[in-house]
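Dear colleague,

Please find below the structure that I am handing over to you. My notes on what was found in it follow.

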Amino acid sequence: MQRIGVFVCHCGTNIAATVDVSKVAEAAKHEPGVVYAVDYTYMCSENGQNLIAQAIKDYGLTAIVVCSCSPRMHEATFRAVAEKAGINPFMVEIANIREQCSWVHKDMEEGTPKAITLMKTAVAKVNLDSPLQEGESTVTKRALVIGGGIAGIQTALDIADAGYKVDIVEKLPSIGGRMSQLDKTFPTLDCSSCILTPRMTEVNQNPNIRIFTYSEVTDVSGFVGNFTVQITKHSRSVRAEDCTGCGICTSKCPSRKTPNEFNRGLDTRPAIYIPFAQAIPNVPVIDKEHCIHFKTGKCGICSKVCPSHAVDYELKDEIIEEKYGAIVVATGFDMIDLHKFGELGYGVSKDVVSSIELERLMNAAGPTSGHLERMSDHKQPKEMVFIQCVGSRCAPDDRRGKTYCSKICCMYTAKQAILIKDHYPDTNIHVFYIDVRTPGKNFDEFYRRAVEQYGVDYIKGNVGKVTPLPNGKLHVHGVDLLDQKDVEIDADMVVLAGAIEPNPDIRKLATMLTLSIDNNNFLNEAHAKLRPVEAATAGVFMSGVVQGPKDIPETVAQAGAAAIKVVGLLAKDKLKTNPCIAEPDELYCNGCSVCANVCPYGAITYVDKEIRDHGLRETRRIASVNSALCKGCGACSVACPSGAMNLKGFTNRQIMAEVDTVCQ
Amino acid sequence: MQELINRAKELLADGTVVRVLGWKKGDLPYNPEPHIFTSAQELEKDFIYNGFCGANLSKYMIAATKLEGKTLVFLKPCDTFSFNQLIKEHQVNRDNAYIIGVGCKGKLDHRKFAAMGLGDIAEISGIELSDACDRIHVKTIYGEEKDIDYRDVMLERCFFCKTKEHQIFDEKLLDSKDTVAEGADRFEEVRKIEAMTPAERYAFFRSELSKCIRCNACRNVCPACNCRHCVFDNTKYDTAQKANADTFEENMFHIIRAFHVAGRCTDCGECSRVCPQNIPLHLFNRKFILDADDLYGEFQAGSDTTTPGPLTAYTLHDVEPAAGLERSRG
């Protein structure tokens, strides 16, 4: 029989205001195994901790229950207290009477009985606890960064600077990401490429960093400190080691009608191409879907003109496997598909463009060499309308858009308006907005410059319809909510500030890495406030828009935060492993494999083992759990029809004891 | 039937198999029982295969294939689903099995004879596979004689026969005859129950399950109930006494059992056939099959030996938990 101590915390008035804590302590004294129970203002304070330690010594306690806040807060604190006082740290149970009780109830009539039930439940569980020992595992001193945009680049640089090896895996032929497509950046108006490309070069030259472009992560196994990752390097059909990047192949390629992804489809590119001038690596790639040679077996011009014979149509995808201690997910974002917004003319008129298309139209390396012009007749627009929040801040039942604010659109629209007014002062610019959101250093000043200095016409209201007119104009029908009147503008060009969304590849990746994602495909943090760059899966971190909408400086700051977390992990030689892992009861296991099928970590294998069962001696096929791989999720113990699989610290008997207590 | 005996004798004689799992004549004309035969004499004397041989022999192969040497087993088409499922769950050793797929023309339900007042059968003809399928001649111990339609006394499950094709076999003997009723929908009963209000549904199952005497026949016969120790007998799990807490907990046995076999049940219908209290236990299983089909795509347990069941495999296209909730709200 255990000798149990129950410690009820007031948490100031957090708990004590809605739970009669002395009653909880009094009730605890009548529970089986409880030899001591007490309440105290702050159990987590040094005095509170000393009180527990002293009670363990004075009453010879073998297990304790602390009725306090969520175990996510102070379980570690109380386990450490127990260990110091000489009992196994896993002989500690927390009854969460704050988040799950006092905070959700209004008065003591409800709060106190529930707190007593929660206390009894924890006592029932701790009665069946047994001491557990933590194990140890090693750490592979190399990190993987998935995504080669500014988030991934900065994370990799910071990790490499600390002296650790980093690999970047980028799906596209070049690193650079979304930032490489932008013209200028707000609110300083420095040229995006000019500040990004030095970072790209740094990554390329850093001896600690390897870059796998045109590559994808195709499998992940293992656990914190010991991930094994399969990377598929798609074949470029060009041998990088021989290619000099002269570009002759791209200029001679006869297939030139493929929409140019880098310029958002506003112009075309050859089938063999380098996405943009500062691409890293500066090695072309053959788009096999559009290459005449791959389609028909003929052509082969690029191979013939290549002075260094680097083009090789026979090159195959290469699969490599590498071990990593930590993984950073930085897969970024794209704008949502605006074709769903037909009423705003997108896809109907060439002169209705997305704001990221406008970036390309304003960029010197873009399809118009930086001259702002309409795609229909190449005339410079005089009357422009910007529509904000296209697909952002939508109602929850609006299937076309997102409920969240994309955060960056207000600022880049002000930036685009200022730039256009700067280059073409005779342009009239109208911006339809819901709110203008400018929290950030020098942000509001920047927006006010657009309004006050440049005379951009901001109209609070929505646009209902954009209709292309026979004269080539776009009839914009909106509403001005401040003046309570309809607004009709015949515009030359309409720009839609579309919502941004995480790269859809994240779903596949999240499954491989067992990450949790929200309804909008953004990654969930281990704790939204206190662990904002850590995923719930140990050893996996996040950086950039994959976690939530953010601008460049925020992304860079988060990249640094992710990097320091990675460095903190890689700096350790050994990691403590969770002892609360699955354990099969060999006498009950019938070898059906259900547990192995549901295990998300591949931790369960089957072995033929000689079993002695009540005088019977036979070789049986039974489950075996790899303690290094098991994360203690408990999926196996739920799936096992025989109840043969138990999670240590959360055994079936313990769960049933808790349920029984609740149902009493 | 003699073909089966002859072939079994041959396989015993040439050493292909060392024992034969089949059906043995019962003490009454309508209760043959599963039996392991080890000699030609025994086969000639006691082996039987007729309309009353509804028993699915697959489960007996768990023990039989652990023995030294091969076991010959006779499996009806529906039984082969169970055998495949047992291979998938590593319960039978395929190498130690020699499977003869036997034909089937639908199996008989003694309860239906009883309902007609013909339960106490003294003599019966027309129930062998070779017989022209339509008419049965019965003579009772009271001397009453009657000609009845085969289909009037056929097991309910045979009207919804999945297939007359064997899913796994080493050889096949005797041809099957189609038994499926025109426009048969095996989920019709389930849909009726789904259409009930929660209160009606609760009352329906409480009423049915209150008949249960916990004889465990359903559990013992079910090929999916192949745990070494059932959780209900597992003292380490603390479910045993839980199930005895009150009469409703007792009834929970069937609901938990249905959960445990969900995604693994081949819908062989043995649970309902053997229930001495006539509880339509197969309805639970069919409800789960229908739900799983709807949520995860159509799946027939035991149609092969490798495809993971819908509840023990994770795919990217799996439904979100909310889908189940929406569904239960109708």
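A polar contact is a pair of N or O atoms within 3.5 Å; within protein, one atom must be able to donate a hydrogen and the other to accept it, and residues adjacent in sequence count only if both atoms are side-chain atoms. By this rule, 6 residue pairs are in polar contact across the interface of chain B and chain A, both residues at pLDDT 80 or more.

This is a predicted model, in which local features need pLDDT of at least 70 and side-chain atom pairs count only at pLDDT 80 or more, while totals for chains, interfaces and linings use all residues. Residues are numbered from 1 along each chain as its sequence is written, chains are lettered from A in the order in which they are written, and side-chain values use heavy atoms, with hydrogens and water left out.

The interface also holds 1 salt bridge (a side-chain nitrogen of Lys or Arg within 4 Å of a carboxyl oxygen of Asp or Glu). B:Arg228 and A:Glu618 form it through their side chains, at 3.6 Å from N to O.

B:Arg228, B:Lys236 and B:Tyr237 supply 28% of the area that chain B buries against chain A, more than any other three residues.

As for chain B itself, its C-alpha atoms fill a box of roughly 60 × 50 × 40 Å along the principal axes.

With kind regards

Terms used. Buried area is the accessible area (1.4 Å probe) that two parts lose on being put together, summed over both.
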